[in-house]
Amino acid sequence: MNTPTPLPTRRLFRPLRARTWFVQVLASGGLFLPSLAWARTVTVTSNADAGHRTLRAAIEEANTNASVDRILFRPNLGPITLLSPLVHTGTQSLSITGRNAVVSNLGQPFDLLTSTGGANLRFDGVHFEGSGGAGLVVA
């Protein structure tokens, strides 16, 4: 009876080469990572005008970090009363999901949000109310 001879097995990588390749990829900044790893969402959890986790802090982070492509509000956040205008200077597309958040300046004579970076902005569930200025300005 003839038994088939097993085919020799081959390693795809020698262990040393595999480790060297891994170290080289890490040293190069891991450029092989999928593009989704670069996108970043900033969550707004405070309805204060400024400070940690506020809309102002989220927009400032988007201005300085091009990986921020989405700002998401915590549900039932409550109204946000601005004491000065918000300014977005980032060039990346930015989606702001407010979950029915209200942004107001109580009729003060300034615009609520000005965007000067040429970015595509998308607003969903954000209500801008009571501006004594133009409200939203995209330049």
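Let's start with β5, because 8 of its 11 residues are buried, and that makes the strand largely enclosed by the rest of the structure. Keep in mind that this is a predicted model.

Who are the partners of β5? There is β2, which pairs with β5 in the parallel sense over 3 bridges.

Let me zoom out for a second. The protein has 2 helices and 8 strands. Going along the sequence, the pattern reads α-β-α-β-β-β-β-β-β-β. There are 139 residues, and 28% of them count as buried. If you take the contacts between residues at least 6 apart in sequence, 70% of them join residues at least 24 apart.

As a general reminder, nonpolar side chains tend to be buried together in soluble globular proteins. The largest nonpolar core in this model has 21 residues, and those with the most contacts inside it are Leu55, Ile71, Phe73, Ile80 and Leu82.

Leaving out residues up to four places away in sequence, Phe73 touches Val44, Leu55, Ile80, Ile96, Thr97, Gly98, Arg99, Ala101 and Val126. Two of the names in that list, Leu55 and Ile80, are also among the core residues with the most contacts.

Leu55 takes us to helix α2. Its buried residues are Leu55, Arg56, Ala58, Ile59 and Ala62. Looking down the axis of α2, these residues fall within an arc of 165°, so they line one face of the helix. What does that face pack against? The buried residues of α2 pack against β1, β2, β3, β4, β5 and β6. The helix also lies across β4 and β6, and runs at about 20° to β4.

That brings me to the other set of strands, with β4, β6 and β8. They form an open sheet of 3 strands in the order β4-β6-β8, paired in parallel. The edges are β4 (86–88) and β8 (136–138), each of which pairs on one side only. From one strand to the next, the twist averages 10°. The pairing of β6 with β8 is parallel, over 3 bridges.

Let's walk along β6, residues 113–115, where we find Thr114. Is Thr114 buried or exposed? Its relative accessible area is 17%, and because the cut-off for buried is under 20%, Thr114 counts as buried. Thr114 stands opposite Val137 in β8. Setting aside residues up to four places away in sequence, the contacts of Thr114 are with Leu86, Val87, His88 and Val137.

Ser115 is also in strand β6. Ser115 is buried, at a relative accessible area of 1%. The side chains of Ser115 and His88 are joined by a polar contact of 3.4 Å. Beyond residues up to four places away in sequence, Ser115 touches His88, Leu121, Val137, Val138 and Ala139.

I promised to return to Ser104. Have a look at Gly130, in the loop between β7 and β8. Gly130 counts as partly exposed, at 44% relative accessibility. How far apart in space are Gly130 and Ser104? The C-alpha to C-alpha separation is 5.5 Å, for two residues that are 26 apart in sequence. Again without residues up to four places away in sequence, Gly130 touches Ser104, Asn105, Leu106, Gly107 and Gln108.

So, to bring it back to where we began: β5 is largely enclosed by the rest of the structure, because 8 of its 11 residues are buried. Thanks, everyone, and I'm happy to take questions.

Notes
Residues numbered from 1 in each chain as written. Predicted model: local features only at pLDDT ≥ 70, side-chain atom pairs only at ≥ 80, totals over all residues. Heavy atoms only, no water. Core = buried A, V, L, I, M, F, W, Y, C linked by side-chain atoms within 4.5 Å. Buried < 20%, exposed > 50% of the residue type's maximum accessible area, 1.4 Å probe, protein only. Contact = heavy atoms within 4.5 Å. Helix = DSSP H or I, 4+ residues; strand = E, 2+ residues; numbered from the N terminus. Pairing = 2+ DSSP bridges. Axes fitted to C-alpha atoms, helices over the stretch in contact; angles between N-to-C directions. Polar contact = N/O pair within 3.5 Å; in protein donor to acceptor, adjacent residues only side chain to side chain. Arc of directions from axis to C-beta.
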